[in-house]
Amino acid sequence: MALSMYTASIPVFVRGLGVLSALLVKAEEHAEQGGILPEVLLGARLAPDMLPLTAQVQRACDTAKLSAERLSGVVAPKFEDGEVSFEQLQQRIAATLVYLHSVGAEQMADSGERAIALDFEAFQPKFTGEAYLLTFALPNFFFHVATAHGILRNSEVQVGKLDYLGHYD
């Protein structure tokens, strides 16, 4: 049986956002136990020209929901990028998960051949749905999850590779 576009996307995004949520729990605990202002961790960056932790979470959520929308045609919710607390970031992840769970396999049945064109000013690639998912959406999603993990490691939050990989039941 061939791997479906649904199986290669929605469960992957759901799992990755679960990992991101767990990372934020550890970050919040680290801040509380270490007497660190939450804003310090939320504003932390790996490099001066990179986005802070809050934006990494926002972009991971946006990538997941907009990818699902492009592949399924199910309109995704729009979020303001105004989160300034761990609680608000967790709410954004939760809202993204609610949306992702609303997208069914039947809505993505023919998405592998769907034409997808992106418009990011000077960057305007065109893809089939399959190429979009495999060469753009998933790498972009995991870039932001991995960068959030890296920010937390660099900020001395006790997270490692197993935290990034998540738990398997």
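A salt bridge is counted here where a side-chain nitrogen of Lys or Arg lies within 4 Å of a carboxyl oxygen of Asp or Glu. In this predicted model, the side chains of Arg59 and Asp81 meet in such a bridge, with 3.8 Å from N to O. Arg59 lies in helix α3 and Asp81 in the loop between α3 and α4, so the pair ties together parts that are 22 residues apart in sequence.

**Salt bridges**
- The whole structure holds six salt bridges, and a network of them links Arg59, Asp62, Lys65, Asp81, Glu83 and Arg92.
- Asp81 also meets the side chain of Arg92 in a salt bridge of 3.0 Å, N to O; because Arg92 lies in helix α4 and Asp81 in the loop between α3 and α4, this pair ties together parts that are 11 residues apart in sequence.
- Arg92 is buried, at 3% relative accessibility, whereas Arg59 is partly exposed at 27% and Asp81 is partly exposed at 43%.
- Lys65 and Asp62 form a salt bridge of 3.7 Å, N to O, and these two residues, both buried, are three residues apart in helix α3, which means a separation of about one helical turn.

**Helix packing**
- Helix α1 (residues 5–34) packs against α3 at an angle of about 165°, with the axes 11 Å apart, and the two helices are therefore roughly antiparallel.
- The crossing of α1 and α3 is left-handed.

**Surface**
- Leu162, Leu165 and Tyr168 make a nonpolar surface patch of about 370 Å²; Leu162, placed in helix α6 (residues 161–165), is exposed with a relative accessible area of 65%.
- Lys78, found in the loop between α3 and α4, is exposed with a relative accessible area of 74%.

Conventions
Residues numbered from 1 in each chain as written. Predicted model: local features only at pLDDT ≥ 70, side-chain atom pairs only at ≥ 80, totals over all residues. Heavy atoms only, no water. Patch = residues over 30% accessible without salt bridge, like charges linked within 9 Å, V, L, I, M, F, W, Y side chains within 5 Å. Areas by Shrake-Rupley, 256 points an atom, 1.4 Å probe, with all protein chains shown as cover. Helix = DSSP H or I, 4+ residues; strand = E, 2+ residues; numbered from the N terminus. Buried < 20%, exposed > 50% of the residue type's maximum accessible area, 1.4 Å probe, protein only. Axes fitted to C-alpha atoms, helices over the stretch in contact; angles between N-to-C directions. Parallel < 35°, antiparallel > 145°, perpendicular 65-115°, else oblique. Left-handed = near helix turned anticlockwise from the far one by under 90°.
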